[in-house]
Amino acid sequence: MTSKSTGSMIKVWETQKGECFKVHIEELGITLTVGKKDKPKTYSKIKQWIESDPDFNPILFEKE
């Protein structure tokens, strides 16, 4: 397995219906969708991160 790291900008926004988040990874030029029903743990972590104090943004993902 090959891995690679980058310091790319990531943009996150909630859809109008609030059922999922869109996660855009600038370096790759892709947008991923994280749904409340499909990935509840990841959705919850993103929601917590979005609602957190802007001066303290915890690490977004942990091993699921």
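In what sense do strands S1 and S2 pair, and over how many bridges? Strand S1 (residues 10-14) and S2 pair in the antiparallel sense, over five bridges. Strands here are DSSP E runs of at least two residues, numbered from the N terminus. Two of them pair if DSSP finds at least two bridges between them.

This is a predicted model: local features need pLDDT of at least 70, side-chain atom pairs count only at pLDDT 80 or more, and totals for chains, interfaces and linings use all residues. Residues are numbered from 1 along each chain as its sequence is written, and side-chain values use heavy atoms, without hydrogens and water.

S2 also pairs with strand S3 (residues 30-35). These two run antiparallel, joined by six bridges.

| Hairpin | Residues between the strands | Turn residue and phi |
|---|---|---|
| S1 and S2 | five residues | Gly18, positive, about 75 degrees |
| S2 and S3 | four residues | Gly29, positive, about 70 degrees |

Lys11 stands opposite His24 in S2. Lys22 has Thr33 in S3 as its bridge partner.

Why is strand S2 largely enclosed by the rest of the structure? Five of the six residues of S2 (residues 20-25) are buried, so the strand is largely enclosed. Buried means under 20% relative accessible area, with a 1.4 Å probe and protein chains only.

The largest pocket has a volume of about 220 Å³. Its lining includes Ile10, Ile25, Glu27 and Leu28. Lys4, Ser5, Thr6 and Ser8 also line the pocket. By class, the lining has three nonpolar, three polar and two charged residues.

Key:
Buried means under 20% relative accessible area, exposed over 50%, partly exposed in between (1.4 Å probe, protein chains only). On a 1 Å grid over the protein atoms alone, a cavity is a set of points where a 1.4 Å probe fits but cannot get out, and a pocket is an open set with protein on both sides within 12 Å along at least five of seven lines; lining residues have an atom within 4 Å of a point. Grid points are joined across faces, edges and corners, and a volume is the space filled by probe spheres set on the points. Ala, Val, Leu, Ile, Met, Phe, Trp, Tyr, Cys and Pro count as nonpolar, Asp, Glu, Lys and Arg as charged, and the others, Gly among them, as polar.
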